[in-house]
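Me: I would like to go through the labels attached to this model and see what each one rests on. Please set each value against its cut-off.

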Amino acid sequence: MDCYSATSSERPEPSPAKKTLLVSSFSNLEGIGMAMSKAAQELGTPVRIYFYTISALFLHNSTQAISKFFQIMTSRAKMNMGFILYAVQDGVHEPMTMNLLRSLVDGVVEMRFTETMEREVRIHHMRGFQVDSAWRSFVQMPGPTGGL
Amino acid sequence: MQAPEEIRPGRVSTGIQVLDDRLGGGFPRSSTLLLFSDKPTEKRLFAETFAVQGAKSGETTLYVDFYRLPSLARNDLLRFGNFPKDRFVLVDAISSQLMVESPEKYRIEDVSSLSSIAETVLRAIEELRPSRLVIDSMEFLADRFPKDDVLREWKRIIEAAKAVGCVTCFLFINWTYHERELQVIQAMSDFLVEFRSSMRGGIIRNSMRITEMGSGGLKTNWIPYTFKDLIGVTVYFPRILVTGPFNAGKSTVVRSLAERAISIDRLGTTVAFDYGNVSLSGIEAEIFGTPGQERFEFIFKIFAREVSGVLLVVDATRPEDFERAKYMLELIGERIPYVVLANKSDLPGALPVDQVAHKMDLPEGSPVMPTVATENKGLREALLILAEMIIGVR
């Protein structure tokens, strides 16, 4: 789902190998929501959805609108589509907004750079599980198999 | 640019015949439609169908778009087929947001100013005197400006549009307003068109419901709809059941109604199901015929789930089968709309419809239609009656 090209007045060349749903604008929350449903329908459920990023929406919509959108789409994804993972940039939102987003999901995974620019990850919480929330180092594996 | 139109009396077609019939030709001129949902839906399809339908009929249509660049909007509308481009006028509210040149005559230069937005729309209404106006979408304003200001400008646009005999569609998904503001908005509207989208079994199901504000007006049931290329929004029934006792003519009904039909049978008797797709008066329907014999009742029960409506086929010359037919109706459930097809009504000994109704002990007013499936007589009429019952306009 491409929410970027239309707003940058770029039109990506359609590729037969890659199906893209174009959303007209970051402000068009309804369009984003329906594109997610259409993509899930086309791929066949269950699907894994990666939403990159919720933070971008805050530049174009009110917190109140995004909160309701977030709540509705999370519920739709869990009920009918499968699994959804939202990315949020830390440090650009009010603490209250971050708390609200945290409260609306089942789990939070945090990632950070250390002072020496090493990557670390931890599970902040995960509904239904006792988690060890200590920070762990990780590296990004190169090559076609990739992974962390 | 085209010459401004005179205010014309009469109605503005919805583009959906079965609704137009009930509305006396469409929405009355100088009326306001609120296209509303509180969750994401495909209400834009309805608005686009409405807009393009206007342009296709030679009416001037004004479309205010807060989300799409004009090139993207016009590209999206190609799905609806050809229409006179000079009859479709866009108010471009996004080029200035993206800081790109706008090719449109009517463009909003400053989207951070509510009065600038309203003045541009009002100027376009005054100069073009459009027959149809679509504002896509009001939540863009609701999310950016104080509520009282938005409601004030909303009202001004309604008044200006009404003054030129225009039918206005306001698209609105409610992200931020409370019940009190919603009541005000509904009170400013003549028709409330509610939308909902749900996903069942991985398939998106869309439906809408039309309510004429004020007492005694039109109020439909939830109407399922889909999008059809080159046409737009079409009423869509995903499952109409054709059922009835053995040898009543169910497979013939399916084959006669459908443009394409398949049947899974053995020696001419349906042993699994018949299937066909019907397109009729702005309605698209998938029809499923069930076997009539009791030993196939398990198949009947599978197909009887989540049906929109039922065509119950009985052989009008065989009243001894009516009890079985009545039992099949009971299995489906009394809340599902149905029409009884008194089939083979051309044969000697066929009972007239009132006697069929009487012998089946049907509730008063239950529709019974005389049909001859082999000659495709009465079938389309029966399906239209069923469609009106499902939609809630009969």
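Reply: Exposed means over 50% relative accessible area, buried means under 20%, and partly exposed lies in between. The model is predicted.

Me: Why is A:Arg127 called exposed?

Reply: The relative accessible area of A:Arg127 is 55%, and the label needs over 50%, so A:Arg127 is exposed.

Me: What makes A:Asp106 and A:Arg127 a salt bridge?

Reply: The closest N and O atoms of A:Asp106 and A:Arg127 are 2.7 Å apart, and the cut-off is within 4 Å. The pair links distant parts of chain A, 21 residues apart: A:Asp106 is in the loop between α4 and β3, and A:Arg127 is in the loop between β4 and β5.

Me: Why is A:Asp106 called partly exposed?

Reply: A:Asp106 has a relative accessible area of 28%.

Me: Are A:Glu30 and B:Lys43 buried or exposed?

Reply: A:Glu30 has a relative accessible area of 4% and B:Lys43 one of 0%. Buried means under 20%, so A:Glu30 is buried, and B:Lys43 is buried too.

Me: What makes B:Arg152 and B:Asp149 a salt bridge?

Reply: The N to O distance is 3.2 Å, and the definition asks for within 4 Å. Both residues lie in helix α7 of chain B, 3 residues apart, which is about one turn of the helix. B:Arg152 is partly exposed at 45%, and B:Asp149 is partly exposed at 26%.

Me: How many salt bridges does the structure hold over all chains?

Reply: There are 33.

Me: Why is the pair of A:Phe51 and A:Tyr86 called tilted?

Reply: A pair of aromatic rings is described by the distance of the centres and the angle of the planes. A search of the whole structure finds 19 aromatic pairs over all chains. For A:Phe51 and A:Tyr86 the values are 5.7 Å centre to centre and 45° between the planes. Pairing needs centres within 6.5 Å; under 30 degrees would be stacked and over 60 edge-to-face, which means that the rest are tilted. A:Phe51 is in strand β1 and A:Tyr86 in strand β2 of chain A, 35 residues apart. A:Phe51 is buried at 9%, and A:Tyr86 is buried at 14%.

Me: Why is the pair of B:Phe46 and B:Phe195 called edge-to-face?

Reply: The ring centres are 5.7 Å apart and the planes are at 65°. The threshold is over 60 degrees, so the pair is edge-to-face. B:Phe46 in helix α2 and B:Phe195 in strand β9 of chain B are 149 residues apart.

Me: What makes A:Arg112 count as lying over the face of A:Trp135?

Reply: A:Arg112 is at 3.9 Å from the ring centre of A:Trp135. The distance limit is 6 Å, and CZ of Arg must also be within 35 degrees of the ring normal.

Me: Why does B:Ser189 count as buried?

Reply: Its relative accessibility is 6%, and buried means under 20%, so B:Ser189 is buried.

Technical notes: Residues numbered from 1 in each chain as written. Chains lettered and ligands numbered in written order. Predicted model: local features only at pLDDT ≥ 70, side-chain atom pairs only at ≥ 80, totals over all residues. Heavy atoms only, no water. Buried < 20%, exposed > 50% of the residue type's maximum accessible area, 1.4 Å probe, protein only. Phe/Tyr/Trp six-rings, centres within 6.5 Å; stacked < 30°, edge-to-face > 60°. Helix = DSSP H or I, 4+ residues; strand = E, 2+ residues; numbered from the N terminus. Salt bridge = Lys/Arg side-chain N within 4 Å of Asp/Glu carboxyl O.
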